[in-house]
Amino acid sequence: MSAASGITMASMSTYAILGCGSVGHAVAEELVEEGKDVLILDADEGRVEALRDQDLNAQQADISEEHVVETVSERDVVLIMSPDVNANAEAVRNIRAAGGDQFIVARADDPVSADELTDLGADVVINPSAVIADSALRALETGELEYKASQLSDVIDATEERMAILIQRSPDPDSIASAAALRAIADSRDVEADIIYEGEIGHQENRAFVNLLGIELSARESVDLDDYDTFALVDVAKGGEPVLDRVDVIIDHYEHEHEHDATFSDIRPNVSATSTILTKYIQELDLSLDQTVATALLYGIRAETLDFKRDTTPADLTAAAYLYPFADHDTLEQVESPSMSPETLDVLAEAIRNREVQGSHLVSNAGFIRDRDALSQAAQHLLNLEGITTTAVFAIADDTIYLAARSKDIRMNIGKVLSDAFGGMGETAGHSTDASVEIPLGIFTGLETNDDNRDTLLELTEEAVKRKLFEAMGVDSSSGESANGN
């Protein structure tokens, strides 16, 4: 019985159990089994006799009466386990009124009685109904995971040729790690699988992640999807769902915009990383965890939760705790501290020069760029400026406006800000603290980029983007700190 485990202390060797119904009896048996000195008090004479027949130290007493205080005065711990909550409350009140300093565990039957028992002086209050419900939910979760793991295995086993694991466009660590884990599951069932992505591996940390861990990825244009007969979409909802004629497997922590008639689907918005979901499958299928996959999954969870500072759930934490001993922490450190490219330095310098600040919000134009990844790094670095809680850095590349934003203001959802400002114009993605948007340049300017109109394009873009951003943030952009702080 878990009630006893929470109060096990070396110095607490003598116990009294007041009220020995089914809960009290279970606790008494476990304590006696551990060699503890246990006294049981119960009002039911027949029950007391039955307890004595089991060689338990039991006495008949009404636990709500004051004389009981003297009987238990020498006991270190008093567990008040009667199903009569009013009697339990009286017992707590009497012990504390007499100056008793025993450690008291008391049984409640709802939140109201739990609060009352706490106010009366109980050190720990348990609600058997809540414990049973929690246990039932855990059993349900375990059973459901076992069933889902069996379903997933059946779909993988039906593969005759190869399995294609498609991930989000320009994938992030969570997407890549989740796909690597699914490929490991397929490999354990003698099914060959390829991880396929569109776009590019952006952000230096992401490239370092893939290179250092040696995760093999295939660009969409380099493969023929006719070579595959099983198709999985893994962590694609946030970064744009690939278009496929058929989908066999979907695993994600975001709901999908498009409906897929998939044989197997596991979408859990109640966790913060798809890597968490795949870790649960690795555990359920009892796979030997490869160091590369463990390291990737741990980094995927950490990256998606901002090192457990954003929207972290108990499932994310338990998955990370499971992965931790198997991961290569030297490699993780290298992934998290990549060198900064010269272009990123240039973009950061330009963003600092062109910054406009309203209150704690900073918006900046980085001009024309080649490396779009540099924007997100610049936005992150600018967040370290004194007094700044939100940053947005935008630039032009390939007739498109790219914008990266970061926020550490708990009152602001930067993903919603970008959606409000540009949702009807371009493609937005991200979270409450980390978001991005891509907007066709012509929406703002109606002009195509050439060497003669670059300055005009920049000026038109800067004015429109800054105005919309500050409006969405709820601040006035008419006057603010310029690049030189004026």
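Modeller: A residue is called buried when under 20% of its relative accessible area remains. Please keep in mind that this is a predicted model.

Colleague: With that in mind, how many residues of strand β7 are buried?

Modeller: Five of its five residues are buried, so defined by the cut-off of under 20%. The strand covers residues 163-167.

Colleague: Which way do they point from β7?

Modeller: Met 163, Ile 165 and Ile 167 point one way, while Ala 164 and Leu 166 point the other way. In a regular strand, side chains alternate between the two faces of the sheet.

Colleague: What joins β7 to strand β8?

Modeller: Four bridges join β7 to β8, residues 193-197, and the two strands run parallel. Within this pairing, Met 163 stands opposite Ala 193. Between β7 and β8 the chain passes through helix α8, residues 173-188, in a right-handed β-α-β crossover.

Colleague: And how many bridges pair β7 with β10?

Modeller: There are five bridges, again in the parallel sense, to β10 at residues 230-234. The bridge partner of Met 163 in β10 is Thr 230.

Colleague: Changing topic: what volume does the second largest pocket have?

Modeller: Its volume is about 530 Å³. The second largest pocket is lined by 18 residues, and Glu 141, Thr 142, Leu 145, Arg 268 and Lys 280 lie nearest its centre.

Colleague: Which helix gives the most to that lining?

Modeller: Helix α7 does, with seven residues. Helices α10 and α12 each supply at least two.

Colleague: What is the lining of the second largest pocket like by class?

Modeller: The lining has eight charged, five polar and five nonpolar residues.

Notes:
Residues numbered from 1 in each chain as written. Predicted model: local features only at pLDDT ≥ 70, side-chain atom pairs only at ≥ 80, totals over all residues. Heavy atoms only, no water. Buried < 20%, exposed > 50% of the residue type's maximum accessible area, 1.4 Å probe, protein only. Pairing = 2+ DSSP bridges. Right-handed = clockwise from strand over helix to strand, strands pointing away. 1 Å grid on protein atoms, 1.4 Å probe; cavity = no way out; pocket = protein on both sides within 12 Å on 5 of 7 lines; lining within 4 Å. Points joined across faces, edges and corners; volume = space filled by probe spheres on them. Nonpolar A, V, L, I, M, F, W, Y, C, P; charged D, E, K, R; others polar.
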